[in-house]
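Follow the account below with the model open beside it.

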Amino acid sequence: MRLLQRIGFRLDRAIHAAYCESFDGQLFNFLPLFIPGPKTGDASPFSRGADVDRHPIWKKESIMKKHLLATVALLMAISPVAAEARCVPNTPVIAAKAVPVIQYKNTTIDGVKIFYREAGPKDAPVLLLLHGFPTSSHMFRNLIPLLADRYRVIAPDYPGYGQSDAPDHTQFSYTFENLTNIVEKLTEKVGADRYSMYVMDYGAPIGYRLALKHPERVETLIVQNGNAYTEGLAAFWDPIKAYWAEKTPERREALAGLVTLETTKFQYTDGMGDVSHISPDNWVVDQALLDRPGNKDIQLDLLGDYGSNVPLYPRFQAFFRDNQPPTLIVWGKSDKIFPEPGAHPYLRDLPNAEMHILDSGHFALEDKLHVMAPLIRDFLDRKVCN
């Protein structure tokens with residue numbers, strides 16, 4: 001309405017000026033045409049009788065006012081459009097879906113406090129999210145709400161990671177076998193006797209070890225930059241392989257650079273399609289936990305023990321071949337830790353797997369959530385719910 005008033009006022013002034021000018025200054029300065037004239041009977045140059053109406057000036061005024069009325073009517077019709085042109089068009093209000101509530105829980109397993117995130121209906125199909133190094137269930141914080149309306153999503157932190165306890169490495173065995181045992185006991189404790197698994201980085205050997213123990217529990221697999229083939233162990237692993245071969249203090253210390261801020265940030269930013277998608281909170285949070293007293297030794301123990309997974313690769317592959325779990329592979333192609341050559345061999349053993357190679361890096365969820373979440377949702381809906 002205020003916009004209409006301003007337009008009307010300015011139009012009135014402009015037309016009045018043009019109107020006066022059209023009579024070559026013969027008329028005195030009229031007040032704006034839209035201001036009401038005096039009441040009948042007032043002695044005023046604006047009071048008009050029948051004889052005045054016949055004057056050619058007033059005839060021209062009458063014609064002009066007809067044009068003005070048509071112009072104002074047109075302005076009143078189009079001005080709402082003009083007023084809204086700078087904004088996104090209005091759309092009918094649709095009630096938003098309820099956002100799933102994520103619960104942050106702790107339980108004790110073998111004397112160790114284990115933290116896990118859980119969301120979704122208790123009786124829904126279970127999706128177990130297994131994180132990588134050096135992060136925690138934090139890596140799934142954005143994915144969980146996008147799936148938990150239909151699935152029961154459980155994302156644990158392994159001992160030594162995230163919000164779980166990190167007992168000293170001299171008091172707790174930081175091996176992949178032991179981490180697998182912890183995850184196995186957690187699934188049993190929360191009543192998850194059948195599940196789909198999202199495996200990434202360290203989560204892959206943990207998930208596959210779990211599958212070897214309980215193949216009947218695995219419903220589907222979602223594989224994201226998680227290795228099960230020697231083709232996936234590229235140059236990045238050379239100094240780690242050297243430590244596997246000879247576990248000397250010197251070779252162990254040579255791996256210390258892998259737990260520094262520089263390397264943590266590298267894992268989140270290198271090879272990403274758009275680094276502006278990556279929140280700095282990721283490496284700040286992860287590094288704060290890596291820098292806790294004693295955590296460096298925890299990580300070096302696990303880097304040393306990762307070699308125990310390689311002899312199991314043939315058994316992992318046999319599980320794929322024998323059980324043929326429906327599998328979705330979403331892989332950041334520019335990951336230097338688990339590069340793209342580690343993705344394609346899966347198709348040898350899982351020929352029906354659905355593979356999507358993404359323009360992303362190691363933590364592809366940070367960069368390509370908008371691509372990956374719909375793929376994961378569609379895959380689960382087709383393979384689990386139907």
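A search of the whole structure finds 4 cavities of 30 Å³ or more. A cavity here is a set of points, on a 1 Å grid over the protein atoms alone, where a 1.4 Å probe fits but cannot get out, and its lining residues have an atom within 4 Å of a point. Grid points are joined across faces, edges and corners, and a volume is the space filled by probe spheres set on the points. The model is predicted: local features need pLDDT of at least 70 and side-chain atom pairs count only at pLDDT 80 or more, while totals for chains, interfaces and linings use all residues. Residues are numbered from 1 along each chain as its sequence is written, and side-chain values use heavy atoms, with hydrogens and water left out.

The largest cavity has a volume of about 80 Å³. Its lining consists of Phe-133, Asp-201, Tyr-202, Phe-236, Trp-237, Ile-240, Leu-258, Gln-267, Leu-303, Ile-337 and Phe-338. By class, that lining has 9 nonpolar, 1 polar and 1 charged residues; Ala, Val, Leu, Ile, Met, Phe, Trp, Tyr, Cys and Pro count as nonpolar, Asp, Glu, Lys and Arg as charged, and the others, Gly among them, as polar.

The second largest cavity holds about 40 Å³ of space. The residues that line it are Pro-134, Thr-135, Gly-160, Tyr-161, Gly-162, Asp-286, Leu-289, Leu-290, Arg-292, Asn-295 and Gln-299. Its lining divides into 4 nonpolar, 5 polar and 2 charged residues. Helices α10 (281-290) and α11 (295-305) each supply at least two residues of this lining, and α10 gives the most, with 3 residues. Helices (H or I, at least four residues) and strands (E, at least two) are DSSP runs, numbered from the N terminus.

A cis peptide bond joins Phe-133 and Pro-134, with omega about 0°. Pro-134 sits in the loop between β3 (126-130) and α4 (144-147).

Helix packing comes next. Two packed helices are described by the angle between their axes and the distance between the axes. Axes are lines fitted to C-alpha atoms, for helices over the stretch in contact, and angles run from 0 to 180 degrees between N-to-C directions. Helix α10 packs against helix α9 (residues 261-269) at an angle of about 145°, with the axes 9 Å apart. The crossing of α9 and α10 is right-handed; a crossing is left-handed if the near helix is turned anticlockwise from the far one by less than a right angle, and right-handed if clockwise. From α9, Leu-261, Thr-264, Lys-265, Tyr-268 and Thr-269 make the contact with Asn-282, Trp-283, Asp-286, Gln-287 and Leu-290 of α10, where contact means heavy atoms within 4.5 Å. This contact has 4 nonpolar, 4 polar and 2 charged residues.

The axes of helix α6 (residues 203-213) and helix α12 (residues 313-323) come within 10 Å and cross at roughly 65°. This crossing is left-handed. On the α6 side are Pro-205, Tyr-208, Arg-209, Ala-211 and Leu-212, and they meet Arg-315, Phe-316, Phe-319 and Phe-320 in α12. By class, the contact has 7 nonpolar, no polar and 2 charged residues.

In the loop between α12 and β7 (327-332) lies Gln-324. Phi of Gln-324 is near 45°, a positive value in a residue other than glycine. Gln-324 counts as partly exposed because its relative accessibility is 33%; buried means under 20% relative accessible area, exposed over 50%, and partly exposed in between (1.4 Å probe, protein chains only). Asn-225 likewise has a positive phi, of about 45°, although it is not a glycine. Asn-225 lies in the loop between β6 (218-223) and α7, and is buried, with a relative accessible area of 0%.

Strand β6 contains Glu-219. Leaving aside neighbours within four places in sequence, Glu-219 is in contact with Arg-194, Tyr-195, Ser-196, Pro-325, Pro-326 and Val-384.

For the whole protein chain, the secondary structure comes to 14 helices and 8 strands. Of its 386 residues, 48% count as buried.

Technical notes:
On a 1 Å grid over the protein atoms alone, a cavity is a set of points where a 1.4 Å probe fits but cannot get out, and a pocket is an open set with protein on both sides within 12 Å along at least five of seven lines; lining residues have an atom within 4 Å of a point.
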